[in-house]
Each structure stands twice: as structure tokens, then as C-alpha cells.
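Thanks for coming, everyone. I have one chain to show you today. Let me put it on the screen.

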Amino acid sequence: MIISLKNTEEGQAVTVNAIETFDVPESYGLTENAVSCDVRATIVKRGDGYDMKGTIAARVFLLCARCLRETVFDILAEIDERLITAAGEDIDDDVIYVKNEVIDIKPALKAALLLNIPMKTLCGDDCKGLCEKCGFNLNDGAHGDCEKEIDPRLAKLSQIQKEV
Ligand SMILES: [Zn+2]
Ligand SMILES: [Zn+2]
């Protein structure tokens, strides 16, 4: 997502309105690894650099940490970055450098997106989870007394759920 800042004068803004797709590592637990985001930002020239402010919005799908049902989560991440004009080498990884009045804002946007993906999410505050014995989704209605033996794999899962 290359943005040209050429010929921008002090105080002048460059507006970014775009739909951009980001690849999210599997470790974030999304059910789809490509996330389409609505990016809205303004980049204003100030002094020796630029101020980038805006939002990145996306709808992602995760598995509920208790019942493993697919769950929608809406992300609205704030972008607030200082972009520094640099001629030579990048000195600091935490600083975003603008070279030749051109910048790729995608890495900064991706960082903001990843930061706002929840580690754990629930399908609802009242999620009842799964039966510890048979794995029945207790949100699906009456279950009664469960007579089944504990499946060792589910026992492990229920252990994980207790830690959530
Ligand atoms: Zn749930
Ligand atoms: Zn059961």
C-alpha cells in the first residue's frame, strides 16, 4: 500500500480510503487467514515528517474459547503514527521512515490490526460451553444428566476451558 507524499506542503493532508487485505498468521486463531480491512487515514505533513491518524476496521471470525463455535468479532483499531523523513539507513525499528516522499503504510496498518485481534473471545457472555463428558454444546438446549464416560481428548479440552 504505497502512498505518495510528493509535493505535500506543511499542514497539507493526504487522505487514504481503501479496502486492503492482510494475511494474518495462523497463530492468531482466525478461521480465515486473509482479512479484508477498511482503512481510513490522513497523513499530514508536520515539520521533518508526517502524522498519520485514522482507523482500520475489519470483521474477523474466531472460535469461541469455550464452545468452539465460530464467532464474529468486529475490530476497530486506531492508527496514530509519526512518520519520519529519512535519507539514509533505517536506524530504529520502531520508527516509520519516509524515503523519497513515498511510504508503504501496510506494515504499520498490519501491526495495528494484529494488536487488536483478541487472544480469546466468547460467542456470548453467557456461553455455557461444552459438556465435559460428551462434548455436547450446552448452548444448544437441554442436555440432562450426562452418562457418558469422559473422552480423554475432551477432558483435556475442558481443562483448557477452565483456564479461560
Ligand atoms: Zn461459546
Ligand atoms: Zn454430555
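In what sense do strand S2 and S3 pair, and over how many bridges? Strand S2, residues 13-23, runs antiparallel to S3, with 11 bridges between them. Two strands count as paired if DSSP finds at least two bridges between them.

Some ground rules. This is a predicted model, where local features need pLDDT of at least 70, side-chain atom pairs count only at pLDDT 80 or more, and totals for chains, interfaces and linings use all residues. Residues are numbered from 1 along each chain as its sequence is written, and chains are lettered from A and ligands numbered from 1 in the order in which they are written.

Now the overall layout. The chain has two helices and seven strands. Helices (H or I, at least four residues) and strands (E, at least two) are DSSP runs, numbered from the N terminus. In sequence order the pattern is β-β-β-β-β-β-β-α-α. Of the 164 residues, 21% are buried. Buried means 20 or more other C-beta atoms within 10 Å of the residue's own; exposed means 12 or fewer; partly exposed is in between; C-beta atoms are placed from the backbone.

Back to S3, residues 34-46. Its side chains alternate. One face carries Val35, Cys37, Val39, Ala41, Ile43 and Lys45, and these are buried. Ala41 is the bridge partner of Val16.

On to the next pairing. S3 also pairs with strand S4, residues 49-63, antiparallel, over 10 bridges. There, Val44 sits opposite Asp51. S3 and S4 make a hairpin with two residues between them. Gly47, in that turn, has a positive phi of about 60°.

Let's zoom in on Asp38, in strand S3. Why is Asp38 classed as partly exposed? Because 14 other C-beta atoms lie within 10 Å. Beyond four places in sequence, Asp38 is in contact with Ile19 and Ala57. Contact means C-beta atoms, placed from the backbone, within 7 Å. Asp38 and Arg59 are 21 residues apart in sequence and 9.6 Å apart in space, C-alpha to C-alpha.

Thr71 counts as buried because it has 20 C-beta neighbours inside 10 Å. Setting aside residues up to four places away, Thr71 touches Phe61, Leu62, Leu63, Cys64, Thr121 and Cys123. Phe61 is 10 residues from Thr71 in sequence, and their C-alpha atoms are 5.5 Å apart.

Among contacts between residues at least 6 apart in sequence, 55% join residues at least 24 apart.

How values were computed: Two residues are in contact if their C-beta atoms, placed from the backbone, lie within 7 Å.
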